[in-house]
Amino acid sequence: MDRATTVINTHISRFNSFEKQVSYFTHKTGVHLPRMTFGKGAFFKDLGVWSSTYHLRIDKTESVHILPDPVQGLSFPRAVDVLSSALSLSSEVIDENEIYELLEYFGLSKEKATQPVISLSGGEILLLNFAKAKAMLPYVDGIVACSPIHWLNENRYHYWEKLAEYYNEKSCFVDVALLEGEPFIDEVNEKPKALAHLMPAVAWRLSLDDPVVIFEEIRFPSYHPASRIGYTTGGCESIDLQSPVLLTGDNGVGKSIFAKVLSGIIKPSGGTVSIQAPNGGGSSRLIFQDAIDQLFGKSIDGHMNWVFRFDSQKRQAAGEIYNEIDATIREYIKEHPADHEALGPQSERCTLLQAKISLVSERLATLPSVLILDEPGWGLSRSIARTLVEAVCRAAGNLKVAVVLISHHARWWQNMVHSRCHLSRDGKGNVVIRKI
């Protein structure tokens with residue numbers, strides 16, 4: 001069931017599924033987002049529809065867009081390019097200091113101006129969208145924003161409030177599309193219901209020997225200085241954990257980089273990271289926050305078949321894990337029919353939720369030491385997100401796979417985790433990982 005409210009000149013609509021949220025966004029903006037779960041044929045067909053129908057939208061007003069995945073609203077490689085383009089809509093002369101002031105206004109340092117957008121954290125990308133929206137205000141009538149604080153740590157919610165207030169002061173509309181239960185400034189935080197059964201615990205150990213990741217300087221097409229990030233455990237060499245583990249920390253602190261180090265995507269320039277777990281000490285497997293992109297342009301079933309094209313046994317195992325998780329969620333939906341649209345039909349796997357189940361099943365079938373879910377609630381209502389994560393953690397527990405949740409929304413996962421770690425800067429350029 002979709003519902004709408006108005007709070008302080010902000011129109012808020014809530015939906016039970018990512019697909020309904022995107023459909024609303026398309027209706028309000030005329031931007032026909034290409035489908036990402038049906039394969040490349042559907043993607044390019046939808047791209048053509050967008051191109052041919054954009055100026056035929058019902059609402060003729062010009063608006064700033066914040067998409068469910070905020071990086072999709074940025075078409076330039078660096079923040080300085082994004083903001084220069086936005087400012088040029090209302091001014092022929094761009095003052096470089098105005099760009100830096102915009103970044104600072106939304107909590108982004110001057111150094112972020114020349115950093116490649118693709119290397120920013122999800123929260124930093126969203127804040128850059130806010131800066132772009134402020135720069136475009138003289139040119140537009142309002143803003144249509146999907147999930148505008150979901151990617152942010154709670155201590156940064158006020159940046160959205162500043163932007164919304166700025167638009168209201170200029171008599172511009174603010175239209176927000178949320179998923180049910182998603183955090184927002186007007187939302188009452190209800191304590192989640194207790195689980196009927198405790199989550200299965202998987203004991204494992206994380207060991208760090210001063211790993212350092214170095215990002216080399218960029219000289220072309222523009223200069224950006226080198227940077228480094230080091231990780232420590234605050235004095236001890238290892239941390240004993242019980243899965244599921246919740247990993248928290250501020251935007252840009254280095255959570256996702258650490259997840260990529262654990263999964264072998266990024267190799268430390270110095271030092272080591274190791275895992276001791278029931279399934280051995282190999283690399284972890286990672287599901288990115290914007291999970292839908294990990295299909296690499298293929299359909300959900302097409303991706304699964306491609307991954308296991310040379311291993312029919314693992315393909316069968318992945319299918320069995322998928323069916324187990326799918327059945328658990330469908331059992332939940334019997335008592336909560338409003339959430340049915342998020343799961344979609346069994347005969348045609350096409351929703352974001354089904355894509356996430358497929359990606360999880362693919363990884364669990366390889367029996368990794370640890371499965372990392374980066375912000376697993378993205379694109380889902382809170383009830384469906386909790387149901388999915390519970391089903392995944394139980395399936396992983398049966399396979400002796402430890403699970404790590406990276407999330408800004410600790411309340412979503414109450415009663416579901418056995419250990420919690422927090423990442424913070426130590427003032428020396430290092431990130432300290434502490435068990436709390």
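Guide: Happy to, and please keep in mind that this is a predicted model. Let's start with the setting. The mean positions of the chain's 45 positive and 50 negative charges lie 4 Å apart. Twelve helices and 15 strands make up the secondary structure. With a radius of gyration of 22 Å, close to the 22 Å that the globule rule gives for 436 residues, the chain is as compact as a globular protein of that length. Of its contacts between residues at least 6 apart in sequence, 75% join residues at least 24 apart.

Now to the backbone itself. Most residues other than glycine have a negative phi, and most peptide bonds are trans.

Begin at the loop between helix H6 (157–169) and strand E5 (173–179), where you will find Ser171. Ser171 is not a glycine, yet its phi is positive, at about 60°. Its relative accessibility is 69%, and because exposed means over 50%, Ser171 counts as exposed.

Next, go to the loop that links strand E8 (238–243) and strand E9 (245–249), which holds Pro244. The peptide bond leading from Ser243 into Pro244 is cis, its omega being near 0°.

Finally, look between helix H11 (352–364) and strand E12 (370–374): the loop there contains Leu367. Leu367, also not a glycine, has a positive phi of about 50°. At 44% relative accessibility, Leu367 counts as partly exposed. For context, 51% of the chain's 436 residues count as buried.

How values were computed:
Residues are numbered from 1 along each chain as its sequence is written. This is a predicted model: local features need pLDDT of at least 70, side-chain atom pairs count only at pLDDT 80 or more; totals for chains, interfaces and linings use all residues. Side-chain values use heavy atoms; hydrogens and water are left out. Helices (H or I, at least four residues) and strands (E, at least two) are DSSP runs, numbered from the N terminus. The radius of gyration is taken over C-alpha atoms; the globule rule is 2.2 Å times the number of residues to the power 0.38. Buried means under 20% relative accessible area, exposed over 50%, partly exposed in between (1.4 Å probe, protein chains only). Contact means heavy atoms within 4.5 Å. Lys and Arg count as positive and Asp and Glu as negative; His and the chain ends are not counted. The place of a charge is taken as NZ of Lys, CZ of Arg, CG of Asp or CD of Glu.
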